[in-house]
Amino acid sequence: MLSIDDFLILANSLGCFFLFAFLQLVIFRFLGTKEVLKMLMILIIGAGFLNILISLINFYSRSLEIVFVVSLSSLVLYGLMAFLYIICIFGPYESSVRLRIIRELYKVYPSSITLAELLKEYNSQKIIDRRLQRLTFSNDITWDGIFYQISRKKNFFLISDKIAACLKILTKT
Amino acid sequence: MIYLILSLGIFFLCVTTHILWCRIRRRNELQMIIFVVLACMGLLVYFGLAFQFCKFEESQPISLWNMPLLLSSGLLYIFLTPVYMAFYFNTRVESPTQKILKCLQGQKARYADLLSLISDEEIIIPRLNDLKRTQCIQEKEGAYQLTKRGYTIGRFLELYQKLTGRPWGG
């Protein structure tokens, strides 16, 4: 049931995804919080270009429309894998408040901590600071010394927010 | 192409059915399970139809229309399902990053303004309650402690941290 075209598309998208994940694991060891978003975008786009290139090499002898469909399918599959990895594994580890609370409690396990002790280690100011650092370094927002301001009208968070808003209207949630 | 159209068509049918279901039910809770059920049914329908088409088209020469992309299209469907669920989940939850960006849309803001966007009561306490509700932590005499489930998650996070070498997130 697995045709050669199918196999090439799957191998290409899986290969590029594993390359992205491997590079992310290696490179991110040496990065601070603020560089994360920028490097993530560079890695995703870099592996995406490689994906298109491999598709073109694999299917160069076929007709233009077949090359287009195959390259697009492979790119979309790779993109979805990378997206799912980010929203299911990397993103929650890097920015989930719930997981951070679990880490704080894990640090003192089996004993317990009060709310005041927890807030001394992790609080809303730290949450805001980390996000401002990340957004500033990835050029999503800028800081002129006094004011913060959006520098890019379109970024992942705003697009995702718009999709969620549309879905909210549609589902009447 | 036929496989791609088939898988995307069935996926959009599932999404549409789910949206209609949410509008009819009008309950103040996320309807995740119903979407998972719909998506599983859709996947069965896709593979059923795709295998039939596969047998029918075996003797035909390969063209753009009948390119044999049965598995790629199936995987596309499978990956799109959690992506939709993530966006649907997002209709209920607003992350601190989204709050910051929403505040900055069309206006400048000082650090103090952004700081006032979220308070500990707004962000830490509800999450603590969530963790208590899902039995990841327990409260004993005003102090919080991990349960077995919470400890397992903490262990997994520690392993992931060793693997990635990243500092703590949050």
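Strands here are DSSP runs of type E with at least two residues, numbered from the N terminus, and two of them count as paired if DSSP finds at least two bridges between them. Keep that in mind for the first stop, and remember that you're looking at a predicted model.

Stop 1: Select residues 137-140 of chain B, which make up strand β2, and then residues 143-146 of chain B, which are strand β3. The two run antiparallel and share four bridges.

**Stop 2: aromatic rings.** Over all chains, a search of the whole structure turns up 16 aromatic pairs. Start with Phe28(A) and Phe90(A): their ring centres are 5.4 Å apart and their planes meet at 80°, so this pair is edge-to-face. Phe28(A) sits in the loop between α1 (4-27) and α2 (36-58) of chain A, while Phe90(A) belongs to helix α3 (residues 64-95) of chain A, so the pair ties together parts 62 residues apart in sequence. Are these two buried or exposed? Phe28(A) is buried, at a relative accessible area of 0%, and Phe90(A) is buried too, at 3%.

Hop over to chain B for Phe11(B) and Phe12(B), another edge-to-face pair, with 5.6 Å from centre to centre and 70° between the planes. Phe11(B) has 6% relative accessibility, so it counts as buried.

Back in chain A, select Phe17(A), Phe18(A), Phe20(A) and Tyr85(A) together; ring pairs link them into a cluster. Then find Lys38(A), which lies over the face of Phe137(A), 5.5 Å from the ring centre.

**Stop 3: a helix in chain B.** Select residues 70-90 of chain B to bring up helix α3. At 1.5 Å a residue, its 21 residues should span 30 Å, and the end C-alpha atoms are 31 Å apart, which agrees. Most of α3(B) is covered, with 15 of the 21 residues buried.

**Stop 4: a cavity.** How many cavities of 30 Å³ or more are there? The count is two.

Technical notes:
Residues numbered from 1 in each chain as written. Chains lettered and ligands numbered in written order. Predicted model: local features only at pLDDT ≥ 70, side-chain atom pairs only at ≥ 80, totals over all residues. Heavy atoms only, no water. Phe/Tyr/Trp six-rings, centres within 6.5 Å; stacked < 30°, edge-to-face > 60°. Buried < 20%, exposed > 50% of the residue type's maximum accessible area, 1.4 Å probe, protein only. Lys NZ or Arg CZ within 6 Å of the ring centre and 35° of its normal. Expected span 1.5 Å × (residues − 1). 1 Å grid on protein atoms, 1.4 Å probe; cavity = no way out; pocket = protein on both sides within 12 Å on 5 of 7 lines; lining within 4 Å. Points joined across faces, edges and corners; volume = space filled by probe spheres on them.
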